[in-house]
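Colleague: I am new to reading models and would like a close look at a single part of this one. Could you walk me through the charged side chains and their surroundings?

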Amino acid sequence: MTPELLAPSHVEVPVPVHAPSDGAVVLREPRLRAVLGHVVLGLLGIACVVPLYWLYATSLRAPENIYSLTPFPWPLSVENYAEAWGAVNLPRLLVNTFVMATMVALGQLLTGLLAGYAFAAWTFRFQNALYLVFIATWLVPFQVTMVPNYALLSELGVLNTIAGAIIPNLCTALAVIMLRTHVRSIPRELLEAARMDGRTAWSTLWTVVVPNLGPALAALGVLLFINAWNEYFWPALVLQRTNDVLQLALHSFIGPEGTQWGPLMATAGLACLPVLILYLVLQRRIVDGFVRSGLR
Amino acid sequence: MTLLEVPAPPRAAGPTTPAAVTTPWWRRVARAAPPYLFLAPGLALLVVWTYRPLVSTVRLSFLSWNLLPTSPARSVGLDNFARLFALPDFGAAIGRTAVLILGLLPFTLVVPVAVGLLARRVRGRAATVYQAMVFAPMLVAPVAGAAVWQWMLDPRAGLVNRVLGTTTNWLQEPASAQLAVIVVTGWHVLGFATLVVAAGLAGIDSEYSAAASLDGATRWQATRWLTLPLLSPTLSFLSLMTLLLAAQWSFPLVNTVTHGGPSGATTNIYFLLWDYAFGSFDAGLGAAAGLVFFLGFGLVALVLVRLTERLSFHDS
């Protein structure tokens, strides 16, 4: 941003300065600034999307054209998908991954809601220390916990089951942090009124807090679902023998005798598809839910 | 967002004031219990799945054990730590992790702030579309992302070399491999960071900027002296997250594509831990390294939090 670009906004003030509405502010902006915004954001957006486009473009090329660089894959071919379909049990993988991601997201939402409510609605002893206990999980990487947790899951007899991939991930600091902020944004009078009414803390949570957090809970839930859907290392460790979720199946196309790029891209494309659709459908709500919380 | 907050001003104190002295102890316990009960499920999960393993890691760090259930673990005192600090890999991995963190900061701070500020100018439908495009990589599973980037960076048939007209073997040369890891990881986390910044910007009252422009401030002045300081809690949250999680974010890529190579150029601290445990089956050394990283990161994070608490600027 150079001073030259900024100078005009100083000099020419075509509308009354005190007009506070959005429309007036935009009018006052020289068109050049908006153009600059479009160019920068457009280029950045394209750079972000190119790999994703290339993933689907490669997956739709005929096997003999796999090395082609034409921007549009022509003739279109679903042969890679057919090959992937034959190599791995896609419906089963989709169902398993869906069950895992849903359970993990719901669990994280619930533990996060309870903890966030506790932190936001009360002042209590050891509050800060306990909050730190949640945050400090970011200091403990997966590589530190994997061996002891693997041993415990083996004692519980849930290795190589979807349950084993779910149970250790039912609480996440991100949900606690965000829901604490969300609950805080609810006017305190509302919680006080519920207490005056003689409601218990538990019923206040479900009749006052949750209905007020609808969009925020949905947005966070989707985000947690996406994270769980994309999770790789924990399932990789727990489901060693069965490889029963999508992210693990990708590896069957990467072999010592070379990578089968076509089917690999097809499976990767399918692994991303549900999440992309979910996001495209709910984009407005996800962003709004996130933004309205004023995560800060 | 501040991580260590000063307790909120005391709420309407309710019935706990002088009467509390005479109420029986079980009444007082029952009255104080709710927040702890609400915290219990989350805490229990963390104790079992995060802190119990951490404690066993502490124990393991004083033992020599090859992870086989049949072979006994031997107590070796501080030997693992002595070996760790003598290993050249250890310092090198820390240095590379620092490079990774610094390399990711543009993706988690600079670009998201630029996008957030520019999106305010563009507005409307177009802004939504651009934001959706920037968020998209966040949705791609790390392994799928790693696969498509490996494909695009292929030295012979890859899109990147064909477009740039180069013949660089990106993932097999030490300098470019680290760069590739930074860019690909940055591509992945950019969307999340942008979302967080957008949320932070939305939380800033636009009346401040309006007031500033009434006072004759230019846009840049308003941004520099009002918006950025008000955004500082968000920025400190993102820096803390980058600091603590950068090595984790890059792990799927390093593990599936570069395997820490070429000649260790992409071996960061968490890959080193993985390698000690499952590459050389040296559980004691891995645990010692894990513990050192935990304490080191804890210390750095604490300093960062204290520092931002002193520097940030609160809108109250």
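How many salt bridges does a search of the whole structure find over all chains?

Modeller: The search finds two salt bridges over all chains, where a salt bridge is a side-chain nitrogen of Lys or Arg within 4 Å of a carboxyl oxygen of Asp or Glu. Before we visit them, please keep in mind that this is a predicted model, in which local features need pLDDT of at least 70, side-chain atom pairs count only at pLDDT 80 or more, and totals for chains, interfaces and linings use all residues. Residues are numbered from 1 along each chain as its sequence is written, chains are lettered from A and ligands numbered from 1 in the order in which they are written, and side-chain values use heavy atoms, with hydrogens and water left out. The model scores ipTM 0.80 and pTM 0.81.

Let's start in chain B. There, B:R83 forms a salt bridge with B:D282, and their closest N and O atoms are 3.0 Å apart. B:R83 lies in helix α2 (residues 79–86) and B:D282 in the loop between α11 (269–279) and α12 (283–311) of chain B, so this pair ties together parts that are 199 residues apart in sequence. Helices here are DSSP runs of H or I with at least four residues, strands are runs of E with at least two, and both are numbered from the N terminus. Buried means under 20% relative accessible area, exposed over 50%, and partly exposed in between (1.4 Å probe, protein chains only).

Now move to chain A, whose secondary structure comes to 15 helices and two strands. Of its 296 residues, 51% count as buried. Here the side chains of A:E192 and A:R195 meet in a salt bridge at 3.5 Å, N to O. These residues are three apart in helix α10 (residues 188–196), which means that about one helical turn separates them. A:E192 is partly exposed, with a relative accessible area of 26%, and A:R195 is partly exposed too, at 43%.

A:R61 is found in the loop between α3 (31–59) and α4 (79–87) of chain A. A:R61 is buried yet has no salt bridge, and the nearest side chain of opposite charge, A:E64, is 11 Å away. For charge, Lys and Arg count as positive and Asp and Glu as negative, while His and the chain ends are not counted.

Where pLDDT is low, the predicted coordinates should not be read in detail.
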